[in-house]
Amino acid sequence: MKFMVYIPSSLNSPEFEILLSKSQLILDQKKNLDIIICGGGKDYACANNIFAQPKICKICKKNTKKGLDKLKGKYNLLRTPRINKKKYKAPSNLSSSPYKIKKLNIGNFDIGLSVYSSYINSSRDHDFQGYLSKYSLNKLYSTSLMLNGFFKNYITMNKIKKIILYNGRHNHTRVLVRVGQLNKIETEVMEFSGDGESNKGVRSFYNHLPTDIKYLYYLIMKNWDISSKSNKCDYFFKYKAAGRLIGDKASYVLKQKSNLVPINWDYKKRNIVYFTSSQDEYSALGGEYDKTIYKNQTSSIKMIIKDIKKHNKKKNICFWIRCHPNLEHVFWDYNDSINQFQDPDNNIFVIPPASPVSSYKIMRICEKVITYNSLTGIEAVYWNKPSIVLGRRVYEKLNCIYSPKSHNSNLKLILNKNLKPKSKNGAIKFASFWVEGGYRIKYLTGSMRHGYQFKKESLRLAGMEKWQYYIEKFKQLYLYNYIISFKLSKILKRFIK
């Protein structure tokens, strides 16, 4: 019986260090282990390399070897094959629309969602507006198609007892989750999420993606059954409000001034705040996440504003749209379209992503909070605010937020000036899982702030490789994605008109 660890990239930390640590633990137990790494090569594209840049691929492979050399024990090393462009070809209409690509499946493999996830992860091009979107999507699809064939054949030819990988959302990893499920092989999907204090943040999700709402709810409740059932985990919310690093590598509130409110904030009026989320981050999750009462976040804001104007004749309601700070550098039209809602004459105000206004200050002094997918939805519960969540998040099952089933029921909640906050218990259960629900893994050291290590050694890029990688990422994000894909699409659109 074999164990299999899939390490497709060495560019993400602590993903690389966690997978190496897991591999070493298996080797310590003298078990039969296959490690599969990315073969890379021409036309190979993944979430880190959406335009298939050869130098990014080369740097990644070199760093992967550096990490593998630190493993002690005997294992079998396999590489994914090169891509045959004729054999692994994307459909001609692949990039026609996000809606259509999300519906593409191969058996039980949601290949379209995995490709979409990888593309918008780097490009943030939610609606395929970019000139290079088709180019990138075709390469991501071909790569995923090749991996589907490779892993199906590999599983058939080998008696694999367990599959181990990280995250599983993107085009180069989701395929393995689905192959494992199809063949009824235990598949451990590993994740990391710090809690700001103990960093006891390695988690394992078995036979499910970490975003699976029902499964995640099961894990939260399972953790709660064995937890202290107290609010000792509430520092999770306090740390986030203070700008401390929790699950992200950057805090989104450090640029904000802790007590700053908008200059035209009127304490005598009913201030209702809609905290937006990074719409592109949730668009590729699919399944339960697409079962919402609104088409998307922008549509929900548009419909809410339309009806608030009808019911706000006395202008005693101020409706604020607080744009997520993570959207500051998103230049695509879907993000800029939020600005169209600015309408001071009707007490509709848009707070831009880069604004120094404090998100947590206005959360605490507003009447109620509305969110789509933002974590703010559960944070508002902790800070004793009525929280209306219009998208899908696991905390909808924790009896702590309002989850309307129609636009009319949502409007009633918004207009109800006596709407009460729900119990904080659900927020504490949520925090308890992120604080206590993980585990530490041997060989993984370091921290979110100072960098992670494997066996107390850093695997981060250094020297010329580091600068070469920065140059290639600059090309990816600014030359290809911004100048060519975004700017050129605008020019061509104007020219065609």
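Which residues lie nearest the centre of the second largest pocket? Keep in mind that you're looking at a predicted model, then select K102, S283, D290, K295 and N296, and you have them.

**Stop 1: the pocket.** Colour by class instead and you get nine nonpolar, 12 polar and seven charged residues.

**Stop 2: two helices.** Now pick α4 (residues 111-123) together with α5 (residues 133-157): their axes come within 9 Å and cross at roughly 130°, which makes α4 oblique to α5. The crossing is right-handed. To see the contact, show I111, S114, V115, S118 and Y119 on α4, then S133, S136, L137, L140, Y141, S144 and L145 on α5. Seven of these contact residues are nonpolar, five are polar and none is charged.

**Stop 3: the cavities.** The structure has two cavities of 30 Å³ or more. For the largest, with about 130 Å³ of space, go to P8, C38, C46, C57 and C60, the closest to its centre among 15 lining residues. Helix α2 (residues 54-68) gives the largest share of that lining, five residues. The classes here are 10 nonpolar, four polar and one charged.

Last, select T276, S277, Q279, Q297, T298, L327, Y334, N335 and I338, which line the second largest cavity, a space of about 50 Å³. Both α10 and α11 (333-336) supply at least two of its lining residues. Three residues of this lining are nonpolar, six are polar and none is charged.

How values were computed
Residues numbered from 1 in each chain as written. Predicted model: local features only at pLDDT ≥ 70, side-chain atom pairs only at ≥ 80, totals over all residues. Heavy atoms only, no water. Axes fitted to C-alpha atoms, helices over the stretch in contact; angles between N-to-C directions. Helix = DSSP H or I, 4+ residues; strand = E, 2+ residues; numbered from the N terminus. Parallel < 35°, antiparallel > 145°, perpendicular 65-115°, else oblique. Left-handed = near helix turned anticlockwise from the far one by under 90°. Contact = heavy atoms within 4.5 Å. Nonpolar A, V, L, I, M, F, W, Y, C, P; charged D, E, K, R; others polar. 1 Å grid on protein atoms, 1.4 Å probe; cavity = no way out; pocket = protein on both sides within 12 Å on 5 of 7 lines; lining within 4 Å. Points joined across faces, edges and corners; volume = space filled by probe spheres on them.
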